[in-house]
Amino acid sequence: MDPHSLTITDNRTGKSYEIPIQYGTYSGYGATINALDLRQIKASDEDFGLLTYDPGFTNTCSCKSSVTFLDGEKGVLRYRGYPIEQLAEQSTYLETSYLLLNGDLPNTAQLNEWSRNITQHTMIHENIKKLIDGFHHDAHPMGTLVGTVGALSTFYPDAKNVHDEACRQKQIWRLVAKMPTLAAFAYRHSCGLPYVYPDDELSYIGNFMNMLWKASELKYQPNPILEKAIDVLFILHADHEQNCSTSSMRMVGSSYSDPFSATSSAIAALYGPLHGGANEAVLRMLSEIGSVKRVPAYIKSVKSGEVERLMGFGHRVYKNYDPRAKICKKLAGDVFAVTGVNPLLDIALELERIALQDDYFISRKLYPNVDFYSGLIYQAMGFPVGMFPVLFAIARTVGWLAQWQEFILDPDRKIARPRQVYCGSDERDYVAMEKR
Ligand code: CMC
């Protein structure tokens, strides 16, 4: 018998099946069985065969991927093998983007070419500006982003050639380059301010700050500490393997939709408060708590179920301190030295202190996640809370694209089409209206 196999005995029939175990790495981590191997297990010849039931895909691998490695028990996160801590300290967002997309760090010539291609694609069509103008002044910028990124597919109909490598590359440049422009325009629209066009002489982040905050000065000069802080936050958010939005990107991409439509769907998935909307929810929660002395009562209401969740705590995969949260907490100090301390910081620190000693949170392995501190930093920089998930979306675009590209090149790719356990009525005859 193959030692790398599983023997399953079906007690309904007494039959045994030997199923291969595959892909185990890192001392057994990630060992899987092929779900289709279960289909041969049948109660009778007419039986369809055994399926698995896994709401929320908590124990199902939807793909093989080489982009990001995550060990939630140990609190480890690596992009293409490089620890997140090293990238946050030594890399830049554009360099990390190249790494995620191409698999290796670029040399100088490769980085210059990649940066030049991004800089050349930052402009958006004037009609997209008109589209943004059409949104209500208080439109949530994530809604505006979902709409405008989706609309880009109509401006670049060539994007549907998803099997053409050169064409794919062009859409990647366009998306990475235009996301900050779309986000900044959505922000300026919500403030009733005129749009600021990209400045090619600034860095990727410096230009984003320019489009957000340039006033009447002739040339915008980004504060280097804040520029670096946004760059690091973008690196931390650049990819996180098969989460809700990335799975949406792969799922929509699996029907060979163009990457603008697929990215728009990923942004929509990110919008929810359990995912990218969490940093916005953290800030609202901290403001609602209002003072350090009300923290114990708030924790009590979370535990009793009166308040549903402690936002910024817990993670589907991390059952340890999220390594990104550690970096964010440290980064907050650098930013607050420039902006002044966010008054909500004390409430956050007290929440963390109490929660990490409380059995409810300890027993469920609930630790601060990346969103617990990132919102405080963004708020101190002057971003309104509605922009927090937008910042997440800009940074994550490259991760979505790296995963989408990997999907398109994967010989095992298939249109995503889960099964269901049907629990509805058995066949019944239509009843005429007068007889109901
Ligand atoms: N506060 C209080 N209790 C919680 C929390 C929380 N934040 N998160 C999970 N729990 C409890 C939950 O009630 C359940 O308790 P019980 O076993 O008694 O029913 C247990 O912990 C397990 O929860 P779960 O819902 O099965 O866990 P999940 O893996 O499905 O959820 C999560 C993960 C991130 C959706 C959840 O922890 C959560 O809602 N956190 C708050 C929202 C948040 O901060 N999201 C950002 C995630 S990081 C950024 C990103 O990747 O998007």
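Figure 1. Of the 436 residues, 48% are buried, meaning under 20% relative accessible area, with exposed being over 50% and partly exposed in between (1.4 Å probe, protein chains only). Because the model is predicted, local features need pLDDT of at least 70 and side-chain atom pairs count only at pLDDT 80 or more, while totals for chains, interfaces and linings use all residues. Residues are numbered from 1 along each chain as its sequence is written, and side-chain values use heavy atoms, without hydrogens and water.

**Figure 2. Helices, strands and overall dimensions.** The protein chain holds 17 helices and five strands, taken as DSSP runs (helices H or I, at least four residues; strands E, at least two). Along the principal axes, its C-alpha trace spans about 80 × 65 × 55 Å. Contacts are heavy atoms within 4.5 Å; among those between residues at least 6 apart in sequence, 70% join residues at least 24 apart.

**Figure 3. Cysteines of the protein chain.** Zero disulfides are found in a search of the whole structure, a disulfide being a pair of cysteine sulfur atoms within 2.5 Å. Cys-63 is in no disulfide, and the nearest cysteine sulfur, that of Cys-61, is 7.9 Å away. Cys-63 is partly exposed, with a relative accessible area of 24%. Cys-191 is also partly exposed, at 38% relative accessibility.
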